[in-house]
Amino acid sequence: MNTEPHAAAPWWTSAVVYQIYPRSFQDSDGDGIGDLRGILQRVDYLAELGVDVVWLSPVYRSPQHDNGYDISDYQDIDPLFGTLDDLDLLTAALHEHGIKVVMDLVVNHTSHEHQWFAESRSAKDSPRRDWYWWRPGRGGMEPGAPGAEPTNWGSLFSGPAWEYDEATGEYYLHLFSREQPDLNWENPAVRQAIYGMMRWWLDRGIDGFRMDVINFISKDVRADGSLPDGPVVSGPYGDPAQGTINGPRVHEFLQEMQREVFGGRRDAVLLVGETPGTTVEDGLLFSDRRRGELDMVFTFEHVSLDQGPAGKFDRKPLDLRDLKATLGRWQTGLADVGWNALYWDNHDQPRIVSRYGDDGRYRVESATMLATVLHLHRGTPYVYQGEELAMTNAHFTSFDAYRDIESLRFVAQSRELGHLTDDQILASLAAVSRDNARTPVQWDSSANAGFTTGKPWIAVNLNHATINAQGQRADRGSVFQYYRQLIMLRHSDPVVQLGDFTMLLPEHPHIYAFSRSLNGTKLFVLGNFSGHDQKADLGQSLSDGAELVIGNYRAPASIVGAIISLRPWEALAIREPGRTRSGGTRP
Ligand code: TEU
């Protein structure tokens with residue numbers, strides 16, 4: 001129970017983070033790919049929105065097989081995005097507006113074009129051989145033959161997780177694409193090289209890191225150097241999770257990183273870990289400040305509820321009760337220790353308004369309802385570029401529109417396995433491909449939405465004519481303006497920042513309701529996840545002093561005693577000032 005919070009609370013408990021996917025944000029040189037000078041052009045927009053931190057997805061030198069999540073030089077900028085000077089200019093401009101800059105730290109793997117890997121694969125006795133995971137083929141099998149891989153693990157981008165290297169006669173591990181070999185964190189030289197790189201970036205003035213699949217860095221390696229096969233759940237390969245996720249030394253490595261990298265700068269920076277396959281218990285270990293690891297983590301539980309047994313491309317409808325149970329578990333589990341990172345969207349997830357909302361008739365209502373429910377939870381909200389405009393999924397209808405390596409490898413493997421028709425594959429892509437989040441930001445209704453004067457690397461969503469920043473900045477009732485209100489609330493209201501969370505109506509199939517309370521003040525938050533009128537019985541009538549803090553319908557809500565009637569996709573937040581137990585009005 002939080003009583004005297006303010007003094008002790010870290011800065012990021014009242015902050016909102018904005019994620020930029022530079023490739024799709026703003027192009028400044030007409031090559032159809034967004035860049036750093038493009039972001040510089042939009043700093044005023046970010047300041048107007050009111051965000052406190054900008055998280056930049058990777059801009060480092062990279063062959064771009066996974067759009068930058070395959071880094072060939074950690075201490076240089078890819079010419080596609082600009083130069084180190086451009087990044088310094090952008091950092092300075094954002095700092096001038098009081099906006100911090102968080103870089104993406106991708107150190108579970110490098111690019112196969114990184115100098116470290118080039119040396120490592122050059123010879124079995126290379127001094128950097130042990131910087132990666134090299135293993136001989138499975139005993140008694142022809143190296144390179146299917147099934148001869150050192151373990152039966154599947155890659156997260158389809159196919160086996162091991163690549164055979166003819167030249168040295170061994171396999172290297174890649175949990176993602178073969179162009180992204182995994183680093184061997186068991187090797188202290190690898191860790192020290194990464195810590196040095198991180199200090200270099202902090203010295204350049206950046207304010208923290210979003211750490212890519214950081215809970216994958218410790219593999220479950222046995223004393224004899226072997227690695228365990230995984231259970232074969234669906235498809236031809238074993239699930240690598242048990243041998244690679246939340247491994248035996250992950251917390252040791254993160255605590256060492258704290259000591260080696262941050263020292264006195266710790267409280268000034270933001271450290272958020274991307275941690276697929278992490279439970280609340282793991283989340284507590286990672287974000288308990290006394291353990292000196294991370295500030296918060298991205299769980300995947302709430303964005304996996306509409307996945308069938310065959311994984312992300314196997315769709316099933318969301319049951320709102322599952323969503324409430326999952327997010328509720330993280331709220332209560334990290335209530336007193338630890339902290340939540342709150343997100344619906346990012347560059348790997350389909351757009352939430354198309355996924356859990358209604359991107360047709362009720363696009364504005366469902367987008368603002370989803371934003372209200374998320375932003376008023378206890379934790380740090382993340383806004384992904386375009387989410388503040390209620391941009392929708394791409395609704396591509398042909399294979400040639402897709403660019404994402406994960407999606408293209410899924411298509412190839414599905415066709416190889418022959419268990420899905422092209423229409424079924426296209427339908428899965430339309431629903432969950434990462435490209436849905438990667439169409440260019442829609443700045444205005446002009447050609448290419450004001451993103452580029454050239455040919456965009458991926459198609460601009462045709463609905464940019466009606467869904468764009470220019471229109472919404474000028475429209476008081478827009479989704480953009482609603483996000484500004486939510487962000488101002490996060491900045492000004494201690495109940496929103498630190499209030500205790502209590503889930504309400506957990507079994508209601510269409511309404512997401514909860515309360516936040518601090519020092520006697522209570523905030524009731526309700527969201528209707530359906531396109532129909534719904535009633536919520538709070539079980540206690542609100543006092544006369546209750547006031548509407550924010551709502552996504554212009555006309556006032558209908559509140560009769562304890563019964564609140566919600567219109568399609570309606571959201572409400574009502575403050576109950578210092579209520580007494582007996583439910584009467586304040587003495
Ligand atoms: O994502 C890790 C990750 O788990 C996702 O790949 C996820 O499995 C999948 O995309 C869900 O659809 C991180 C980055 O966010 C992602 O962009 C990279 O592709 C990946 O790591 C490898 O660096």
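1. Two strands pair if DSSP finds at least two bridges between them. Strands (E, at least two residues) and helices (H or I, at least four) are DSSP runs, numbered from the N terminus. With that in hand, look at strand β17 (residues 511-518) and β18: 8 bridges join them, and they run antiparallel. I511 stands opposite N528 in β18. The two strands form a hairpin with 2 residues between them, and N519 in the turn has a positive phi of about 50°.

2. A word on where these values come from. This is a predicted model, in which local features need pLDDT of at least 70 and side-chain atom pairs count only at pLDDT 80 or more, while totals for chains, interfaces and linings use all residues. Residues are numbered from 1 along each chain as its sequence is written, and side-chain values use heavy atoms, with hydrogens and water left out.

3. Now follow β18 to its other partner in these notes. β18 and strand β23 (residues 571-576) pair in the antiparallel sense over 6 bridges. L526 stands opposite L572 in β23, and V525 has A573 as its bridge partner there. Strand β20 (residues 547-551) also joins β23, through 4 bridges and again antiparallel. Here G551 is the residue opposite L572.

4. How well covered are these strands? Buried means under 20% relative accessible area, exposed means over 50%, and partly exposed is in between (1.4 Å probe, protein chains only). In β18 (residues 521-528), 6 of its 8 residues are buried. In β23, 6 of its 6 residues are buried. In a regular strand the side chains alternate between the two faces of the sheet. You can see this in β23: A571, A573 and R575 point one way, L572, I574 and E576 point the other way, and all are buried.

5. Please turn next to the ligand. Which residues come nearest to the ligand? Of the 19 residues around it, the nearest are D66, D212, K312, H347 and D348; a residue counts as near if one of its heavy atoms lies within 4 Å of the molecule. The shell divides into 7 nonpolar, 3 polar and 9 charged residues. In this grouping Ala, Val, Leu, Ile, Met, Phe, Trp, Tyr, Cys and Pro count as nonpolar, Asp, Glu, Lys and Arg as charged, and the others, Gly among them, as polar.

6. An oxygen atom of the ligand is 2.8 Å from a side-chain N or O atom of D212. For H109, the separation between a ligand oxygen atom and a side-chain N or O atom is 2.9 Å, and for R434 it is 2.9 Å. Taken alone the ligand exposes 480 Å², and the protein buries 95% of that. Accessible areas come from the Shrake-Rupley method with a 1.4 Å probe; for residues, only the protein chains shown count as cover.

7. Rings of Phe, Tyr and Trp (its six-membered ring) pair if their centres lie within 6.5 Å; planes under 30 degrees apart count as stacked, over 60 as edge-to-face and the rest as tilted. By this rule there are 31 aromatic pairs. Why is the pair of F157 and F176 edge-to-face? Their ring centres are 5.2 Å apart and their planes are at 65°, so the pair falls in that class. F157 lies in the loop between β6 (134-135) and β7 (162-165) and F176 in the loop between β8 (170-173) and α5 (188-203), so the pair ties together parts that are 19 residues apart in sequence. F157 counts as buried at 2% relative accessibility, and F176 counts as buried at 10%. Y512 and F514 form another edge-to-face pair, 5.9 Å centre to centre with 85° between the planes, and both residues are buried. Y60, Y74, W116, W131, W200 and W201 form one aromatic cluster.

8. Finally, two helix residues. Q497 sits in helix α16 (residues 494-498) and is buried, with a relative accessible area of 10%. Its side chain reaches the backbone oxygen of R490 at 2.9 Å. G333 lies in helix α9 (residues 320-333) and is partly exposed at 27%.

Technical notes:
A polar contact is a pair of N or O atoms within 3.5 Å; within protein, one must be able to donate a hydrogen and the other to accept it, and residues adjacent in sequence count only if both atoms are side-chain atoms.
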